[in-house]
Amino acid sequence: MLEVTNLQAWYGLAQALHGVDLRVGEGEVVALAGRNGAGKTTLVRCLIGLHRQAGGSVRFLGRDVTGMAAHQRARAGMGWVQDDRGIYAGLTVEENLLLPPRVSDRAWTLDRVYEAFPVLADRRKASGTTLSGGEQQMLAIARVLRTGARLLLMDEPSEGLAPVIVARIGAIIREIKATGAGVLLIEQNVKFAATVADRHYLLSQGRIVESLDSSDFRRREGELLKHLGI
Amino acid sequence: MNAVLQYAVQGLAAGSFYALAALGLAVIFGVLGVVNFAHGAFYMLGAVAAAVLLDTLDLSLWWSLLVVPVLMFGFGVAVERLLVQWLLRLDPLYNFLLTFGLTLVLVELVKQRYGVSGLPYELPGPLQGRFDLAGVVLPRYQLFVLLFSLAICVLVWLVMTRSRVGMIVRASTEKPDLARALGINVGRWVTPVFGFGVALAGLAGVLAAPFRAITAEMGNNFAIILFAVVVIGGLGSIVGAVVAGFLVGLVEAFGQAYAPTFAQIFIFVLMALIILVRPAGLFGRKEATA
């Protein structure tokens with residue numbers, strides 16, 4: 001559903017992405033790991049349309065979205081879960097959920113969101129940023145599910161969260177996969193990524209240097225961890 | 001006691017102009033990221049338009065309160081489409097300079113056409129005279145201005161907090177990129193929001209017309225105080241703009257009553273103190289200004 005070909009981008013005066021090729025299929029969870037500064041966040045921002053790409057193409061659901069603005073890509077079915085969670089302080093929890101428009105008929109209803117995430121129902125009238133870090137992450141994911149996005153671009157969803165919450169996020173990702181949606185999971189925590197991902201990419205200095213399926217990944221985990229400096 | 005109440009009402013009435021205009025400035029800054037230096041000139045145009053409508057078409061204040069904001073909305077839309085939009089992608093300083101230049105042009109044009117001596121403005125009968133409220137005698141018009149502005153502020157607040165439009169404006173103000181990535185066409189709201197902000201400045205001008213000398217220069221000093229209001233309230237904060245507007249009106253009125261030469265100084269001392277204690281302003285959020 002997502003095909004990225006020879007994607008190039010600059011960050012200030014430095015080239016951040018040197019021709020990235022990657023692919024995410026329907027119902028597939030693809031993890032992308034890389035050190036800090038490898039270009040992971042620039043890549044996601046290019047995909048969602050917030051960072052100008054200098055070359056290459058992005059196809060999504062059979063359409064060329066390369067020249068599309070961010071809001072058009074979102075309406076085409078891309079959902080972004082930002083690395084800092086991107087919860088609005090000036091909006092209540094419920095408003096955070098209701099803000100983005102529905103983009104497909106697989107959009108979750110508010111009731112379904114509240115059933116899956118009871119804590120959000122309890123705090124629906126509270127300001128979004130009064131939630132704990134884990135709850136904010138749930139809110140960020142729930143917000144994208146409510147739009148009915150076909151592809152979730154998740155940037156470091158496990159960062160800074162307790163293991164029990166990380167496990168919960170893993171379960172949610174498996175549920176999303178079961179509905180046929182695709183997930184591109186940007187994740188430094190490769191141990192977590194290994195529990196949910198079907199395939200793995202390793203990004204280094206703006207290039208994809210490894211592309212592995214999950215069995216290769218497990219076999220070479222030690223080597224990869226060493227590359228990531230963990 | 002009597003005098004204190006009179007100054008308070010006078011201050012709140014003067015604060016109404018600041019509150020309405022600062023509200024407009026705040027939504028424009030929030031959604032466009034533009035510090036609109038021409039806001040004082042738009043306020044002046046509102047007052048001049050009311051005076052001209054009364055003089056040429058015999059339209060009373062009641063009509064001007066309705067017609068002038070609509071005209072100013074149209075004018076704001078034209079300014080945004082013709083000028084402001086081309087600089088939105090650049091450093092905000094460019095639009096600051098553009099609106100500064102626009103101010104000079106508008107002020108000079110009004111001077112050329114209507115002179116410098118000030119236009120007359122007569123209130124409709126029911127708003128003239130004084131009002132005796134349990135022994136406290138207050139000018140009727142000041143009370144009207146106060147109540148009318150409060151009603152507008154409450155209305156804007158309701159729209160901002162209860163409607164989908166308000167939700168989108170708040171989201172675009174706080175994190176414009178994220179709003180885009182969530183599927184909101186932020187660009188579509190830019191022109192109407194600018195027009196709306198200009199309409200509020202024009203409305204403040206209409207209300208000020210019977211109260212102040214209507215001259216081409218009337219917006220200059222107003223604009224300077226308006227920036228103090230916005231800094232005190234917190235850039236981009238809607239509640240902050242309103243509260244700080246009334247607060248500054250009060251400080252000014254009491255200053256003028258008890259220490260006239262220092263009246264304006266007090267406002268800026270207050271601003272300096274607030275910046276020292278809360279750099280983001282009374283209601284500003286760090287995230288909102290980043």
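Axes here are lines fitted to C-alpha atoms, for helices over the stretch in contact, and angles run from 0 to 180 degrees between N-to-C directions. Helices are DSSP runs of H or I with at least four residues, numbered from the N terminus.

This is a predicted model: local features need pLDDT of at least 70, side-chain atom pairs count only at pLDDT 80 or more, and totals for chains, interfaces and linings use all residues. Residues are numbered from 1 along each chain as its sequence is written, with chains lettered from A and ligands numbered from 1 in the order in which they are written.

**Stop 1: helices 2 and 9 of chain B**

Select helix 2 (39-57) of chain B and helix 9 (residues 218-233) of chain B. Their axes lie 7 Å apart, at an angle of about 135°. That makes the pair oblique, the class left over once angles under 35 degrees (roughly parallel), over 145 (roughly antiparallel) and 65 to 115 (roughly perpendicular) are taken out. Show the contacts (C-beta atoms, placed from the backbone, within 7 Å). Helix 2 of chain B brings residues including His39(B), Tyr43(B) and Ala47(B); helix 9 of chain B brings residues including Met218(B), Phe222(B) and Leu226(B). By class, this contact has eight nonpolar, four polar and no charged residues. Nonpolar covers Ala, Val, Leu, Ile, Met, Phe, Trp, Tyr, Cys and Pro; charged covers Asp, Glu, Lys and Arg; the others, Gly among them, are polar.

**Stop 2**

Select Ala213(B), in the loop between helix 8 and helix 9 of chain B. Ala213(B) has 14 C-beta neighbours inside 10 Å, so it counts as partly exposed. The scale: buried at 20 or more other C-beta atoms within 10 Å, exposed at 12 or fewer, partly exposed in between. Leaving aside neighbours within four places in sequence, Ala213(B) contacts Gly118(B) and Met218(B).

**Stop 3: helices 1 and 8 of chain B**

Select residues 2-32 and 187-208 of chain B, helix 1 and helix 8. Their axes come within 8 Å and cross at roughly 170°. The two are therefore roughly antiparallel. Their contact has 21 nonpolar, three polar and no charged residues.

**Stop 4: helix 4 of chain B**

Select residues 92-114 of chain B. Which residues of helix 4 of chain B are buried? They are Asn95(B), Leu98(B), Thr99(B), Thr103(B), Leu106(B), Val107(B) and Val110(B). These pack against helix 2 and helix 3 (61-87) of chain B. Step on to Gly115(B), which follows helix 4 of chain B with a positive phi, near 75°.

**Stop 5: chain A against chain B**

The contact takes 19 residues from chain A and 15 residues from chain B. Helix 2 (residues 70-76) of chain A gives the most to the chain A side, with four residues.

How values were computed
Expected span 1.5 Å × (residues − 1). Contact = placed C-beta atoms within 7 Å.
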